[in-house]
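Please read them with the structure open.

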Amino acid sequence: MKKSILVIALSALAFAPLAASAQHDPTVGGAPMYANKNIIENAVNSPIHKTLVAAVKAGGLVDTLESPGPFTVFAPTDDAFAKLPAGTVETLVKPENKATLDKILTYHVVAGHISTKDLKDWIKKGNGTYTAKSVEGGSLTFTMDMGKIKITDEKGGTAWITTADVFQSNGVIQVVNSVLMPS
């Protein structure tokens, strides 16, 4: 009997790290996102980021988002891209539009490892607003709206963080519900 209890106790200890890591890996669109994988490795497995992944590939940005970073990506979902006027995505992924596509995609990236806690702290310190410079060079403005973080782009469009703090080996994905547009 003591031997059985010992075996059960040792088994529980052996599997405890696996259970703990499973609890810390969030899901996006039902797919697990692993903190030990990079932004691209996780994004390709997200069923709600197929358009974003295709755009990143068309823009030639895969190598950049696989690099050490760190980067914070405000990642629009497929539904976010679907809100754009008909034909926009199909036009952007054409080779002759690579510069425009790259501008839009890099506008969704901020250098650094930025959590929603960081954003909330900076918004508070900024008397209700925080502005970050994107990798593209434009500004993203962050505010709190009904308890959620709202992002306003340079054209006045808005997006909200819908899935927060998806930590990666080379940064953070903050899932957003709209495509942000630089000026």
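1. The hairpin of S8 and S9. S8 and S9 form a hairpin with 2 residues between them. Their pairing is antiparallel, over 5 bridges (two strands pair if DSSP finds at least two bridges between them). Phe167 stands opposite Val172 in S9. Helices (H or I, at least four residues) and strands (E, at least two) are DSSP runs, numbered from the N terminus.

2. Basis of these notes. This is a predicted model, in which local features need pLDDT of at least 70 and side-chain atom pairs count only at pLDDT 80 or more, while totals for chains, interfaces and linings use all residues. Residues are numbered from 1 along each chain as its sequence is written, and side-chain values use heavy atoms, with hydrogens and water left out.

3. Overall make-up. The protein chain has 8 helices and 9 strands. Of its 183 residues, 40% are buried (buried means under 20% relative accessible area, exposed over 50%, partly exposed in between, with a 1.4 Å probe and protein chains only). Among contacts with a separation of 6 or more, 60% are between residues 24 or more positions apart (contact means heavy atoms within 4.5 Å).

4. The sheet. Seen in order, the strands run S4-S3-S9-S8-S7-S6-S5 in an open sheet of 7 strands with mixed pairing. S4 and S5 are the edge strands, each pairing on one side only. On average, neighbouring strands are turned by 30 degrees against each other, direction ignored. Axes here are lines fitted to C-alpha atoms, for helices over the stretch in contact, and angles run from 0 to 180 degrees between N-to-C directions.

5. Why is S9 described as largely enclosed by the rest of the structure? The reason is that 6 of the 6 residues of S9 are buried. Gly171, Ile173 and Val175 point one way from the strand, and Val172, Gln174 and Val176 point the other way. S9 also pairs with S3, in the parallel sense and over 6 bridges; in this pairing Phe74 stands opposite Gln174.

6. The two ends of the sheet. S5 and S6 form a hairpin with 5 residues between them, and Gly137 in the turn has a positive phi of about 110 degrees.

7. Helices against the strands. Helix H8 (residues 116-125) lies across S3, S5, S6, S7, S8 and S9, running at about 85 degrees to S6. In H7, the buried residues are Leu101, Asp102, Ile104, Leu105, Thr106 and Tyr107. Their cover includes H3, H6, S4 and S6.

8. On a 1 Å grid over the protein atoms alone, a cavity is a set of points where a 1.4 Å probe fits but cannot get out; lining residues have an atom within 4 Å of a point. Grid points are joined across faces, edges and corners, and a volume is the space filled by probe spheres set on the points. The largest cavity has a volume of about 160 Å³. It is lined by 19 residues, of which Ile39, Ala43, Leu52, Val73 and Ala75 are the closest to its centre. H2, H3 and S3 each give two or more residues to this lining, and H2 gives the most, with 4. By class, the lining has 15 nonpolar, 4 polar and no charged residues. Ala, Val, Leu, Ile, Met, Phe, Trp, Tyr, Cys and Pro count as nonpolar, Asp, Glu, Lys and Arg as charged, and the others, Gly among them, as polar.

9. The second largest cavity. This one holds about 50 Å³ of space. Ala55, Phe81, Val89, Leu92, Val93, Leu101, Ile104 and Leu105 line the second largest cavity, and these residues divide into 8 nonpolar, no polar and no charged. H7 gives the most to the lining, with 3 residues.

10. Asn38 is in the loop between S2 and H2 and counts as buried because its relative accessibility is 10%. Beyond its neighbours within four places in sequence, Asn38 is in contact with Leu65, Glu66, Gln168, Ser169 and Asn170. Glu41 lies in H2 and, at 35% relative accessibility, counts as partly exposed.

Conventions: On a 1 Å grid over the protein atoms alone, a cavity is a set of points where a 1.4 Å probe fits but cannot get out, and a pocket is an open set with protein on both sides within 12 Å along at least five of seven lines; lining residues have an atom within 4 Å of a point.
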